[in-house]
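Please look over the sequence and the structure before reading on.

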Amino acid sequence: MAIDKLQHFANDIRIQLLKSLLNLGFGHFGGSLSIVETLAVLYGGIMKIDPQQPDWAERDYFVLSKGHGGPALYATLALKGYFPLAELMTVNQNGTRLPSHPDRLLTKGVDATTGSLGQGISIAAGIALSHQLRGLPNRTFCILGDGELNEGQCWEAFQFIAHRKLNNLYTFIDYNKLQLDGVLTSIIDPQNLEQKFVAFGFDVVTIKGDDIAELYRILSLRTALALQQPNSKPLLVILDSKKGQGVPYIENLANSHHMRLTAESKQAIELAIQQLEAKYVD
């Protein structure tokens, strides 16, 4: 897989999610932008999927435990051909198939309904266990938010994943250091996440949240390793990211978790879209 193609894909995801939320006038900008590169690598180079057969039995599964990142997932799915790009303009509007948080009964390509924080990782563990028990090669990928780790259910799930050696489940923590109510460390300091997850029984790596080349390299190696060593530890990736990643205007805001756009912010986002579109000219 050419890294420049994945970078181009990430750029397109960022553009489309910005356009959809700009059209809406409000939404979860910060936490959607911080997972763009990860989604680009997963859907552009790692996961086995077929947009023409969303329920293909042999597909890899994806669970967005931090459901408020839905706009980024929708942009990714639309660009992969699960549904028309034009449908992104209906995000979170009456009658939409693209609600604020993912709903598997509404949106093609969504494998799990999420939004109640802490529950997605348990769903992902159940999916992975089901495949493990049946000896199936399907893999599951799950992204959590760092603020989501305040939920005790997450840690129950982590214990279960490590105990069952679910190395067909790949977990990502979007460590953007901000949550709905403010700075992560001022609300509940997570201390040393690497040490915590190692103690829980995971193979842990930390990667810059926008380092597409390194993320692709690590996932390519570790997915191959899991096939060769069925009893290896499950992989957990800490994404050292920024809320609003890839859009300097939003990166510099104190609170970008949910933004209601003003005339000033609309203008800034319109300019950001123009700059992103200028990166790749066919």
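## The ends of helix H8

Directly after helix H8 comes Gly201, a residue with a positive phi near 110°. The model is a predicted one, and helix H8 covers residues 193-200.

At the other end, where H8 starts, Asn192 makes a contact with the backbone: one of its side-chain oxygens is within 3.1 Å of the backbone nitrogen of Glu194.

## Helix H6 against helix H8

Helix H8 packs with helix H6, which spans residues 152-163. The two axes lie 9 Å apart and form an angle of about 50°.

Which residues of H6 and H8 meet? From H6 they are Trp155, Phe158, Gln159 and Ala162, and from H8 they are Lys196, Phe197 and Phe200. Five residues of this contact are nonpolar, one is polar and one is charged.

## Two nonpolar cores

In soluble globular proteins, nonpolar side chains tend to be buried together. Here the largest nonpolar core holds 60 residues. Leu18, Leu42, Tyr43, Phe62 and Phe172 have the most contacts inside this core. Helix H1, residues 3-24, is the element that gives the most to the core, with 10 residues.

A second core is separate and has 27 residues, including Val63, Ile127, Cys142 and Phe158. Phe158 is also one of the H6 residues that meet H8.

What does Phe172 touch, leaving aside residues up to four places away in sequence? Its contacts are Thr38, Leu42, Phe141, Cys142, Ile143, Leu144, Leu215, Leu219, Val237 and Leu239. Among them, Leu42 is listed with Phe172 for the most contacts inside the largest core, while Cys142 belongs to the second core.

## Positive phi in two loops

Asn92 is not a glycine, yet its phi is positive, near 60°. The residue sits in the loop that runs between helix H4 (70-80) and helix H5 (120-133). Is Asn92 buried, partly exposed or exposed? Its relative accessibility is 31%, so Asn92 counts as partly exposed, a class that lies between under 20% for buried and over 50% for exposed.

Lys177, likewise not a glycine, has a positive phi of about 70°. Its loop lies between strand E4 (169-175) and strand E5 (178-179). Lys177 has a relative accessibility of 29% and therefore counts as partly exposed.

Note on methods. Residues numbered from 1 in each chain as written. Predicted model: local features only at pLDDT ≥ 70, side-chain atom pairs only at ≥ 80, totals over all residues. Heavy atoms only, no water. Axes fitted to C-alpha atoms, helices over the stretch in contact; angles between N-to-C directions. Helix = DSSP H or I, 4+ residues; strand = E, 2+ residues; numbered from the N terminus. Contact = heavy atoms within 4.5 Å. Nonpolar A, V, L, I, M, F, W, Y, C, P; charged D, E, K, R; others polar. Polar contact = N/O pair within 3.5 Å; in protein donor to acceptor, adjacent residues only side chain to side chain. Core = buried A, V, L, I, M, F, W, Y, C linked by side-chain atoms within 4.5 Å. Buried < 20%, exposed > 50% of the residue type's maximum accessible area, 1.4 Å probe, protein only.
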